[in-house]
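Here is a friendly walk through one protein model, meant to be read with the structure open beside you.

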Amino acid sequence: IVNLINIPNVLNFSNQAVIIKKLKIDYNAKMVVVDGNGLGTGLIDELLKETYDPVTRQSLGCWNTVNTDNEPEVRGAERCLFDLKAQTYQTKILTTFIDMVDSYKLRLLEKRSDSDLFYRSDNNLESNVLPFVQTDLLVEEISNLKLKHLNSGNLAVEKVVSRIDKDRFSALAYLLFYINEFENFQKKENKSNIAMIASLARKPRLN
(Lines give C-alpha, C1' and ligand atoms only; values in the text may rest on other atoms or scores of the structure.)
Protein backbone atom coordinates (compact mmCIF):
# COMPACT_ATOMS: atom_id res chain seq x y z
CA ILE A 1 0.00 0.00 0.00
CA VAL A 2 1.85 3.07 -1.23
CA ASN A 3 -0.79 5.74 -0.85
CA LEU A 4 -3.88 6.49 1.21
CA ILE A 5 -6.18 9.40 0.48
CA ASN A 6 -8.91 10.25 2.94
CA ILE A 7 -11.99 11.87 1.40
CA PRO A 8 -14.00 13.90 3.95
CA ASN A 9 -17.42 12.37 4.47
CA VAL A 10 -18.90 15.84 4.99
CA LEU A 11 -18.82 16.27 1.21
CA ASN A 12 -22.01 15.44 -0.69
CA PHE A 13 -22.10 12.41 -2.96
CA SER A 14 -21.61 14.48 -6.13
CA ASN A 15 -18.36 15.99 -4.83
CA GLN A 16 -17.16 12.62 -3.55
CA ALA A 17 -17.83 11.10 -6.99
CA VAL A 18 -15.75 13.83 -8.67
CA ILE A 19 -12.78 13.17 -6.39
CA ILE A 20 -13.01 9.38 -6.74
CA LYS A 21 -13.25 9.46 -10.53
CA LYS A 22 -10.34 11.88 -10.80
CA LEU A 23 -8.25 9.60 -8.56
CA LYS A 24 -9.10 6.60 -10.74
CA ILE A 25 -7.86 8.51 -13.78
CA ASP A 26 -4.71 9.74 -12.02
CA TYR A 27 -3.76 6.27 -10.80
CA ASN A 28 -5.13 4.32 -13.79
CA ALA A 29 -7.06 2.11 -11.36
CA LYS A 30 -8.55 -1.16 -12.58
CA MET A 31 -11.32 -1.40 -10.01
CA VAL A 32 -13.02 0.83 -7.44
CA VAL A 33 -14.49 -0.91 -4.39
CA VAL A 34 -17.27 0.93 -2.56
CA ASP A 35 -19.18 -0.09 0.55
CA GLY A 36 -22.72 -0.07 -0.82
CA ASN A 37 -24.45 -0.49 2.55
CA GLY A 38 -26.53 2.30 4.09
CA LEU A 39 -25.39 5.74 2.94
CA GLY A 40 -23.04 4.07 0.49
CA THR A 41 -25.99 3.47 -1.84
CA GLY A 42 -26.10 7.20 -2.50
CA LEU A 43 -22.47 7.24 -3.61
CA ILE A 44 -23.04 4.16 -5.80
CA ASP A 45 -25.96 5.92 -7.50
CA GLU A 46 -23.82 9.00 -8.15
CA LEU A 47 -20.96 6.96 -9.62
CA LEU A 48 -23.42 5.35 -12.06
CA LYS A 49 -24.04 8.82 -13.55
CA GLU A 50 -21.80 10.72 -15.94
CA THR A 51 -19.64 13.05 -13.86
CA TYR A 52 -18.07 16.33 -14.95
CA ASP A 53 -15.07 18.15 -13.54
CA PRO A 54 -16.52 21.33 -11.96
CA VAL A 55 -13.48 23.35 -13.05
CA THR A 56 -12.70 22.13 -16.59
CA ARG A 57 -16.22 20.83 -17.36
CA GLN A 58 -14.60 17.77 -18.92
CA SER A 59 -16.35 14.44 -18.51
CA LEU A 60 -14.88 12.11 -15.90
CA GLY A 61 -16.88 9.22 -17.24
CA CYS A 62 -19.84 7.10 -16.25
CA TRP A 63 -19.30 3.80 -14.45
CA ASN A 64 -21.10 0.50 -14.27
CA THR A 65 -20.89 -2.14 -11.55
CA VAL A 66 -19.40 -5.57 -12.18
CA ASN A 67 -21.58 -7.39 -9.64
CA THR A 68 -25.08 -5.88 -9.63
CA ASP A 69 -27.97 -5.29 -12.03
CA ASN A 70 -27.96 -1.53 -11.44
CA GLU A 71 -28.29 0.40 -14.69
CA PRO A 72 -25.78 3.19 -15.38
CA GLU A 73 -26.85 6.50 -16.87
CA VAL A 74 -24.86 5.89 -20.06
CA ARG A 75 -25.09 2.68 -22.08
CA GLY A 76 -21.73 0.95 -22.42
CA ALA A 77 -20.35 2.64 -19.28
CA GLU A 78 -17.02 1.36 -17.99
CA ARG A 79 -17.43 -1.68 -15.73
CA CYS A 80 -15.01 -0.76 -12.97
CA LEU A 81 -17.16 -0.45 -9.83
CA PHE A 82 -17.54 -3.22 -7.25
CA ASP A 83 -20.55 -2.67 -4.99
CA LEU A 84 -19.48 -4.39 -1.77
CA LYS A 85 -22.20 -5.21 0.75
CA ALA A 86 -19.72 -5.22 3.61
CA GLN A 87 -22.14 -6.40 6.29
CA THR A 88 -22.72 -9.63 4.37
CA TYR A 89 -19.01 -10.45 4.21
CA GLN A 90 -17.85 -8.95 7.51
CA THR A 91 -16.29 -12.14 8.91
CA LYS A 92 -14.57 -12.99 5.62
CA ILE A 93 -13.28 -9.42 5.30
CA LEU A 94 -11.71 -9.57 8.76
CA THR A 95 -10.20 -13.04 8.37
CA THR A 96 -8.72 -12.04 5.01
CA PHE A 97 -7.18 -8.92 6.55
CA ILE A 98 -5.67 -10.93 9.42
CA ASP A 99 -4.29 -13.50 6.98
CA MET A 100 -2.76 -10.81 4.77
CA VAL A 101 -0.97 -9.33 7.80
CA ASP A 102 0.14 -12.65 9.31
CA SER A 103 1.47 -13.94 5.98
CA TYR A 104 3.33 -10.67 5.27
CA LYS A 105 1.43 -10.22 2.02
CA LEU A 106 0.39 -6.77 3.21
CA ARG A 107 3.29 -4.33 3.24
CA LEU A 108 3.20 -0.69 4.28
CA LEU A 109 5.49 2.25 3.76
CA GLU A 110 8.43 2.41 6.12
CA LYS A 111 8.07 4.55 9.20
CA ARG A 112 9.65 7.98 8.77
CA SER A 113 10.47 10.47 11.48
CA ASP A 114 9.12 14.00 11.27
CA SER A 115 12.61 15.29 10.55
CA ASP A 116 12.99 12.87 7.63
CA LEU A 117 9.75 14.11 6.12
CA PHE A 118 10.04 17.84 6.59
CA TYR A 119 13.68 18.86 6.73
CA ARG A 120 14.01 19.36 2.97
CA SER A 121 12.51 22.45 1.40
CA ASP A 122 11.96 20.71 -1.95
CA ASN A 123 9.64 18.05 -0.57
CA ASN A 124 6.44 17.57 -2.54
CA LEU A 125 3.84 17.41 0.20
CA GLU A 126 1.31 15.33 -1.73
CA SER A 127 3.66 12.60 -2.95
CA ASN A 128 6.54 12.67 -0.43
CA VAL A 129 4.91 13.45 2.89
CA LEU A 130 1.18 12.73 3.01
CA PRO A 131 1.43 9.01 2.11
CA PHE A 132 3.62 8.46 5.20
CA VAL A 133 1.34 10.55 7.40
CA GLN A 134 -1.73 8.66 6.19
CA THR A 135 0.02 5.33 6.78
CA ASP A 136 0.76 6.37 10.37
CA LEU A 137 -2.92 7.27 10.81
CA LEU A 138 -3.90 3.88 9.36
CA VAL A 139 -1.69 2.09 11.91
CA GLU A 140 -3.24 4.22 14.67
CA GLU A 141 -6.72 3.19 13.53
CA ILE A 142 -5.81 -0.50 13.46
CA SER A 143 -4.19 -0.30 16.89
CA ASN A 144 -7.44 1.13 18.26
CA LEU A 145 -9.51 -1.85 17.17
CA LYS A 146 -10.27 -5.05 19.02
CA LEU A 147 -11.74 -8.23 17.57
CA LYS A 148 -15.12 -9.43 18.80
CA HIS A 149 -16.50 -12.96 18.52
CA LEU A 150 -20.27 -12.69 18.17
CA ASN A 151 -22.75 -15.25 19.48
CA SER A 152 -23.58 -16.14 15.87
CA GLY A 153 -20.00 -17.27 15.36
CA ASN A 154 -19.19 -14.29 13.16
CA LEU A 155 -16.46 -11.73 13.75
CA ALA A 156 -16.62 -7.97 14.18
CA VAL A 157 -14.34 -5.16 15.29
CA GLU A 158 -15.04 -2.35 17.70
CA LYS A 159 -13.14 0.82 18.54
CA VAL A 160 -11.42 1.12 21.91
CA VAL A 161 -11.38 4.94 21.76
CA SER A 162 -14.52 6.12 20.00
CA ARG A 163 -13.09 9.42 18.71
CA ILE A 164 -10.53 7.60 16.54
CA ASP A 165 -12.13 6.69 13.23
CA LYS A 166 -11.61 3.48 11.26
CA ASP A 167 -12.31 4.61 7.70
CA ARG A 168 -8.77 3.92 6.46
CA PHE A 169 -8.80 0.44 7.96
CA SER A 170 -12.21 -0.35 6.45
CA ALA A 171 -11.22 0.84 2.98
CA LEU A 172 -8.01 -1.21 3.08
CA ALA A 173 -9.80 -4.30 4.40
CA TYR A 174 -12.45 -4.08 1.65
CA LEU A 175 -9.76 -3.78 -1.01
CA LEU A 176 -7.82 -6.80 0.28
CA PHE A 177 -11.05 -8.81 0.42
CA TYR A 178 -11.86 -7.94 -3.20
CA ILE A 179 -8.37 -8.88 -4.38
CA ASN A 180 -8.37 -12.15 -2.45
CA GLU A 181 -11.89 -13.27 -3.37
CA PHE A 182 -12.34 -12.03 -6.92
CA GLU A 183 -9.02 -11.22 -8.58
CA ASN A 184 -7.50 -14.53 -7.48
CA PHE A 185 -10.62 -16.43 -8.55
CA GLN A 186 -10.63 -14.84 -11.99
CA LYS A 187 -6.96 -15.65 -12.47
CA LYS A 188 -7.58 -19.32 -11.62
CA GLU A 189 -10.58 -19.50 -13.94
CA ASN A 190 -8.75 -17.93 -16.87
CA LYS A 191 -5.36 -19.52 -16.34
CA SER A 192 -5.73 -22.01 -19.16
CA ASN A 193 -6.60 -19.26 -21.64
CA ILE A 194 -4.03 -16.64 -20.73
CA ALA A 195 -0.46 -16.54 -21.95
CA MET A 196 2.08 -15.64 -19.32
CA ILE A 197 3.17 -12.04 -19.70
CA ALA A 198 6.06 -10.56 -17.77
CA SER A 199 6.11 -6.83 -17.16
CA LEU A 200 8.76 -4.69 -15.52
CA ALA A 201 7.93 -1.71 -13.33
CA ARG A 202 9.70 0.32 -10.71
CA LYS A 203 8.71 -0.98 -7.31
CA PRO A 204 8.12 1.47 -4.46
CA ARG A 205 10.20 1.12 -1.35
CA LEU A 206 8.22 -1.03 1.00
CA ASN A 207 8.83 -2.37 4.46
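## A helix with a buried face

In helix H3, the residues Gln 90, Ile 93, Leu 94, Thr 96, Phe 97 and Met 100 are buried. Looking down the axis of H3, you will find these buried residues within an arc of 160 degrees, so they line one face of the helix. Please keep in mind that this is a predicted model.

Just after H3 comes Tyr 104, with a positive phi of about 65 degrees. Tyr 104 sits in the loop that leads from H3 to helix H4 (114-118). Arg 57 also has a positive phi, of about 65 degrees, although it is not a glycine. Its place is the loop between strand S2 (51-52) and strand S3 (59-61).

Are these two residues buried or exposed? Arg 57 counts as exposed because its relative accessibility is 55%, where the cut-off is over 50%. Tyr 104 is exposed as well, with a relative accessible area of 69%.

## A hairpin

Strand S6 (residues 145-149) and strand S7 (residues 155-159) run antiparallel and are joined by 5 bridges. One of the pairings can be picked out by eye: Leu 147 has Val 157 in S7 as its bridge partner. The two strands form a hairpin with 5 residues between them, and in the turn Gly 153 has a positive phi of about 95 degrees.

Now turn to Val 34, which lies in strand S1 (residues 32-35). With a relative accessible area of 7%, Val 34 is buried. Leaving aside residues up to four places away in sequence, Val 34 touches Leu 43, Ile 44, Leu 47, Leu 81, Phe 82, Asp 83 and Leu 84. Val 34 and Ala 171 are 137 residues apart in sequence, yet their C-alpha atoms are 8.2 Å apart in space.

How many disulfides does a search of the whole structure find? The count is 0. A disulfide is a covalent bond between the sulfur atoms of two cysteines. For Cys 62, the closest cysteine sulfur is that of Cys 80, 9.3 Å away, which is too far for a bond because the sulfur atoms would have to be within 2.5 Å. Cys 80 is likewise in no disulfide, with the sulfur of Cys 62 as its nearest cysteine sulfur.

| Residue | Relative accessible area | Class |
|---|---|---|
| Arg 57 | 55% | exposed |
| Tyr 104 | 69% | exposed |
| Val 34 | 7% | buried |
| Cys 62 | 9% | buried |
| Cys 80 | 1% | buried |

## The chain as a whole

Stepping back, the protein chain has 6 helices and 7 strands. From the N terminus on, these elements follow the order α-β-α-β-β-β-β-α-α-α-β-β-α. Of its 207 residues, 31% count as buried.

Among contacts between residues at least 6 apart in sequence, 57% join residues at least 24 apart. The accessible surface of the chain comes to about 14,100 Å², and 51% of that surface belongs to carbon and sulfur atoms.

How values were computed:
Residues are numbered from 1 along each chain as its sequence is written. This is a predicted model: local features need pLDDT of at least 70, side-chain atom pairs count only at pLDDT 80 or more; totals for chains, interfaces and linings use all residues. Side-chain values use heavy atoms; hydrogens and water are left out. Two strands pair if DSSP finds at least two bridges between them. Helices (H or I, at least four residues) and strands (E, at least two) are DSSP runs, numbered from the N terminus. Buried means under 20% relative accessible area, exposed over 50%, partly exposed in between (1.4 Å probe, protein chains only). The arc is that of the directions from the helix axis to the C-beta atoms. Contact means heavy atoms within 4.5 Å. Accessible areas come from the Shrake-Rupley method with a 1.4 Å probe; for residues, only the protein chains shown count as cover.
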